[in-house]
Amino acid sequence: MAPSRAVAAIVVAAALAALPAIHAAACEPYPMRWAAGVTCTNPENPTTGDTCTQTCPVGPHNHAAVPEVHCTAAGKWNSTAVGARNNCVGPAGCNHPNGLPYVTNGYWSCYGGHGLAGSVCELYCDTFYQPTFYGTVVTTNDTEVVCQPVQPTIDPDGAFSWSKVVNAFRCDRPTGCYDPPLAYPAGAQQSSDWECSDGNLVDSTCALQCPQGEHAVGVNKTSCGWSSQSGKYAWDATPGSCVDTVACNGDTGFFSDYELADCKYANGTAADPVPSEWGWQALWAPGVTCASSCYSWDYDPVTGEKATVPSVASVTCSVDGTWSTDLSTIVCEPECTWALGGPETARRASEGFRDFSFGFEIGAVALVFLAGAGLPVF
């Protein structure tokens, strides 16, 4: 029995060897094998059972409608969807490319996703630009769009679209003056120095408002209108600017015969010196007016008032740190004139008398000192 079995096995093996070989069917290389996100098990020589898959990028279209294809026993691919341009899709929503159209000089701000079902978006424009819809100026609130079903009562889970035509929105710059830009558009934040009636728009009037510690230099009021000279809308005057305010030095000089007194602001309130780095300096803020008061020991015997008066009664501190009159030019003069020589002679006579009086007093002091020391005075 054993030999018979052995012979039978040999016969079967010989019969099988005589059968034609069975090979796996071959497919043509997948046509989209090199597309972005496509991966194939055997890109160049695919056979039965080999596959190609697609991975979609992160974004609104983040998954593949047909994620995989394979080579069949018949040597054909069961589909060519993988790698196709429209194979990457997003969830239900308004799948406009990138969710919403790009808007020059503006951007969309959304909550609920860009283009997803139920998302709400508004258009915001850059500085000096304003939103328009079919060319008509609108507010930011008017740019709100909602991604909603096309037929909400019939097919709420079907096609979606935006509540408004999003491609009709633009960010345009209104007619106005922008060189230099004095203020932001009407309704937006004003600039730090200028207050305008209507931003940079035509017929807007702007006034320069300097903060405390600064003052205006140049033109402090200008309006936007058509300029025939430049051929465009422009400000009717070159706008000024705000610069740091400088205090005035109230030092009248060591040998001066007058002082600044009774300093007041324009509204009549008393003014105090501005704090200075050096304590002995008397600095006064712009707008302060001080009276000139003479150092005179000569009094009118009738009125009892000083017999000399300053050549300039008062001085006012300007915003550039200078007085309305140079302090070094102010002199004290006699209040009355003499019959001979006129005011100049009177002034010189007064000065001579003052110098004589001063010399006499010095001499008297010297005599007292010598007498006290026991020294001869003559």
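**Rings and charges in a predicted model**

Ring pairs link Trp108, Phe133, Tyr134 and Phe169 into a cluster. The model is predicted, so local features need pLDDT of at least 70 and side-chain atom pairs count only at pLDDT 80 or more, while totals for chains, interfaces and linings use all residues. Residues are numbered from 1 along each chain as its sequence is written, and side-chain values use heavy atoms, leaving out hydrogens and water.

Q: Why is the pair of Tyr30 and Trp77 called edge-to-face?
A: The ring centres of Tyr30 and Trp77 are 5.1 Å apart and the planes stand at 70°, so the pair is edge-to-face.

Q: Which parts does the pair of Tyr30 and Trp77 tie together?
A: Tyr30 lies in the loop between helix 1 (2-18) and strand 1 (38-40), and Trp77 in the loop between strand 4 (68-70) and strand 5 (88-89), so the pair ties together parts 47 residues apart in sequence. Helices (H or I, at least four residues) and strands (E, at least two) are DSSP runs, numbered from the N terminus.

Q: Are Tyr30 and Trp77 buried or exposed?
A: Buried means under 20% relative accessible area, exposed over 50%, and partly exposed in between (1.4 Å probe, protein chains only). Tyr30 has 1%, so Tyr30 is buried; Trp77 has 16%, so Trp77 counts as buried too.

Q: What about Trp226 and Tyr233?
A: This aromatic pair is edge-to-face, with 5.2 Å centre to centre and 80° between the planes. Trp226 has a relative accessible area of 53%, so Trp226 is exposed, whereas Tyr233 is partly exposed at 31%.

Q: Why does the pair of Glu44 and Arg33 count as a salt bridge?
A: A salt bridge is a side-chain nitrogen of Lys or Arg within 4 Å of a carboxyl oxygen of Asp or Glu. The closest N and O atoms of Glu44 and Arg33 are 3.8 Å apart, so the pair counts. The structure holds 3 salt bridges.

Q: Where do Asp262 and Lys264 stand?
A: Their side chains meet in a salt bridge at 4.0 Å, N to O. Asp262 has 55% relative accessibility, so Asp262 is exposed, and Lys264, at 34%, is partly exposed.

Terms used. Phe/Tyr/Trp six-rings, centres within 6.5 Å; stacked < 30°, edge-to-face > 60°.
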